Amino acid sequence: MRTGRFMVALMVALMVALMVSMPLIPAAHSAPDEDSAKLLKSTSDHTKFKVLQQEFNSGPEVTKACLSCHTEASKQLHKTEHWKWEYKSPDGQLLGKKNVINNFCTSIRTNEAACNVCHIGYGWKDDTFDFTSEVNVDCLVCHDTTGNYRKQAGMAGNVVTKAMEFPPGSGTMIKPINLKKIAQAVGKTSRDTCGACHFYGGGGDGVKHGDMDSSLASPEKELDVHMDALGLNFGCATCHMTEGHQVPGSRYAPTAQDKGDAHIRGKEYTTNPTTCQSCHGQAPHKKIAKLNDHTDKVACQTCHIPKFARGGVATKMSWDWSTGGRMGPDGKPLIIKDAKGHIIYTAAKGDFVLGENVVPDYQWFNGKVGYTLLSDKVEKSEQPTRINHFDGSADDGKSLIWPVKIMRGKQAFDPVNKRLAVVHTAGNDDTGYWTNFNWEKAVAVGMASIGAPFSGKVDFVSTESTWPITHMVAPAKDSVRCHECHAAQGRLEKVPGIYIPGRASDHAGWLDTAGWALAVLTLLGTLVHGLGRVIVSMRKK
Amino acid sequence: MPRMYIFKRFERFWHWAQAGLIIFMLLTGFEIHGSYALFGWEKAANLHTSAAWTLIGLWLFAIFWHFTTGEWRQYIPTTRNIVAVMNYYSVGIFTGAPHPFRATQLSKHNPLQRLAYLMVKLFINPLIWVSGLACLYYNELAASKIAVLAGLPLSTIALVHTAAAFMMLAFLIGHLYLSTTGHTPLAHIKAMITGWEDAQESEPAAAVVNAGGR
């Protein structure tokens with residue numbers, strides 16, 4: 001008996017001890033120490049590769065070394081829009097940076113040496129660039145982890161390895177970069193590497209997109225709930241899940257409506273992995289199920305990105321080239337800054353309107369984007385020319401209500417031939433607008449570069465372009481509240497074809513009039529009747 | 001004064017709970033409609049939905065009660081004495097004539113009340129109920145395989161719901177006023193609270209005793 005009891009007690013004690021200590025036993029995949037963590041990141045230590053232990057004098061020399069192991073890398077990149085800067089839309093329009101015109105700096109043509117600092121290649125300075133060259137692919141601009149890799153605007157995407165004066169005769173010295181150190185430290189892409197170009201689209205921090213700027217390099221949760229540097233810490237490629245260097249989620253081929261379920265492991269998907277739905281599915285709202293009733297009409301971004309340019313970096317909302325060319329009292333090109341120190345006028349570029357914490361515009365979008373190209377006729381009128389426009393409607397079954405940034409501007413065009421102008425802006429030469437402020441000369445060179453006729457006259461036309469707002473996703477607590485749309489003059493006031501409870505413009509006016517009239521007349525009737533009773537009862541007394 | 005027990009406990013509970021819910025739903029409903037801002041849209045919508053489910057629950061109980069107790073018979077419409085009652089409210093009430101109708105347990109409502117409440121029960125309530133549920137389940141409706149339902153635009157559903165709400169509002173105003181037309185202004189309201197109605201002192205005219213019942 002006694003031993004029996006002792007055995008039971010021992011068993012219980014053992015089981016308790018086991019249960020208590022179980023959480024303390026390290027699991028096979030628990031967090032390792034720092035050295036192991038580094039080791040487990042990669043099977044290769046690039047400092048140990050002989051081919052990288054040399055001094056590099058140019059970018060292509062580094063690429064050649066990369067290709068000695070990653071033999072197919074450049075061939076993969078040659079297939080990308082990042083390399084080609086060209087995209088044929090389903091409608092047959094030839095798009096991509098190489099072909100489109102925008103209402104920021106307008107066109108890369110004749111300005112390649114400057115603009116193409118953001119091309120993932122070396123040496124694209126004009127039409128003669130060799131798109132089949134493997135060594136001209138720039139590996140480092142995406143795979144640098146040191147933050148020291150720099151490309152200098154004006155040098156056609158080439159890098160500086162020896163200190164030099166640039167532009168020649170300017171007295172400005174460009175510091176060289178150490179390609180050997182950078183090459184030995186290559187790694188995965190990051191918000192920094194992608195951001196080196198994508199944050200600066202349009203010629204400066206935050207200028208173009210409004211939902212992408214340098215504040216996303218290391219954002220707080222309030223700015224972007226996914227990229228939160230101290231939280232989920234998403235990189236760009238977490239959503240833009242890249243395979244074989246083919247980066248999905250281009251705005252040239254957007255997915256406006258994703259009816260698919262959340263992607264799960266092991267299943268093959270052909271749909272865009274960058275959509276919200278590809279992780280969150282179709283019914284993401286667990287606490288307030290009614291919100292899921294919105295997902296067939298409203299893009300996630302519409303509620304979850306309440307404002308853009310929220311990170312403290314202003315974005316350009318309009319750009320008027322027609323006022324360019326003014327000189328200051330000192331005879332030098334004029335520059336005007338606002339109270340915050342933002343440049344709002346330069347002689348080279350004209351007037352800007354900047355915006356921070358901007359409430360987006362909203363419109364139906366079905367994923368089709370139409371462009372006004374350089375070959376299209378343009379009429380000057382009250383209605384701005386749509387540089388691009390989003391297709392969509394309430395009833396095409398493919399559209400959702402999307403938040404967008406509308407960029408407005410005035411830009412050069414040829415009033416005789418009725419074409420948007422290609423302007424030679426950048427370049428230390430006699431015809432570049434940014435140095436000589438002469439529109440006719442600058443446009444003549446620009447139009448000649450694409451073989452387009454030019455009348456010799458330059459006028460300005462109002463334009464509009466549309467940019468999807470999809471980054472800077474706020475935490476749920478900061479999302480757009482019900483009353484901001486379910487109201488008269490709310491965010492969605494101008495979105496047609498849908499009944500929004502609370503939006504006064506959707507009401508049947510006759511019903512409201514008749515209904516309130518009925519209520520008021522009933523009330524009046526009772527009041528008159530009651531008054532009669534009061535008078536009668538008073539007479540009796 | 002002699003008294004009569006007219007309204008049973010459940011009936012009183014049902015009446016006042018319904019009254020509170022309907023007033024609350026009118027208040028929140030017209031905010032959702034956009035007529036004013038009071039609770040804030042989100043709160044108004046949530047409260048309106050919660051109140052709707054509560055009211056539906058209450059209605060289910062009330063329907064059960066009406067049929068199991070036979071009280072539904074109180075709403076069988078009749079034209080008997082309806083003219084006399086109309087005359088009373090348009091003339092007699094001012095001249096001090098007695099009410100031509102005396103409430104009893106078996107016949108609580110005068111012919112006008114019967115008609116009015118029947119209208120509420122058979123027309124306004126179902127209209128609000130069905131259109132309201134259609135608002136709540138609009139997405140399921142749109143995904144329905146029945147073409148008529150799937151093609152029903154939200155604007156139409158909302159139109160019906162709003163129209164029914166206006167009718168309910170008009171009913172409420174009239175009902176509130178008529179509740180003051182007892183032999184004292186608070187007599188009816190007291191009866192609805194305690195269940196006991198004071199028996200009137202003067203006998204009603206013999207010809208118009210108790211419409212319906214018996």
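**A colleague's note on chains A and B**

1. Let's begin with the makeup of chain A: it has 15 helices and 15 strands. Please keep in mind as you read on that this is a predicted model.

2. On overall dimensions, the C-alpha trace of chain A spans about 110 × 105 × 45 Å along its principal axes. Its radius of gyration is 31 Å, whereas a compact globule of 541 residues would have one near 24 Å.

3. Next, the domains. The domain assignment divides out two in chain A: domain 1 covers 45-187 and domain 2 covers 315-504. The C-alpha centres of domain 1 and domain 2 of chain A are 28 Å apart.

4. How many residues of domain 1 of chain A are in contact with domain 2 of chain A? There are 17 of them, and they meet 22 residues of domain 2. On the domain 1 side of this contact, the residues divide into 8 nonpolar, 8 polar and 1 charged.

5. Helix H1 (residues 9-33) of chain B packs with helix H7 (residues 154-178) of chain B at an angle of about 140°, and their axes lie 11 Å apart. With angles over 145 degrees counted as roughly antiparallel, H1(B) and H7(B) are therefore oblique to each other. The crossing in which H1(B) passes H7(B) is left-handed.

6. Which residues make this helix contact? H1(B) brings Ile22(B), Leu26(B), Gly29(B) and His33(B), while H7(B) brings Thr162(B), Ala165(B), Met168(B), Leu169(B) and Leu172(B). By class, the contact of H1(B) with H7(B) has 6 nonpolar and 3 polar residues, with no charged ones.

7. Finally, the contact between the chains. Chain B puts in 24 residues and chain A puts in 26. On the chain B side, at least two residues come from each of H1, helix H2 (41-69), helix H3 (82-95), helix H5 (138-142) and H7. Which helix gives the most to that side? H7(B) does, with 12 residues.

Notes
Residues numbered from 1 in each chain as written. Chains lettered and ligands numbered in written order. Predicted model: local features only at pLDDT ≥ 70, side-chain atom pairs only at ≥ 80, totals over all residues. Domains from an automatic or database assignment. Contact = placed C-beta atoms within 7 Å. Nonpolar A, V, L, I, M, F, W, Y, C, P; charged D, E, K, R; others polar. Axes fitted to C-alpha atoms, helices over the stretch in contact; angles between N-to-C directions. Helix = DSSP H or I, 4+ residues; strand = E, 2+ residues; numbered from the N terminus. Parallel < 35°, antiparallel > 145°, perpendicular 65-115°, else oblique. Left-handed = near helix turned anticlockwise from the far one by under 90°. Rg over C-alpha atoms; globule rule 2.2 N^0.38 Å.
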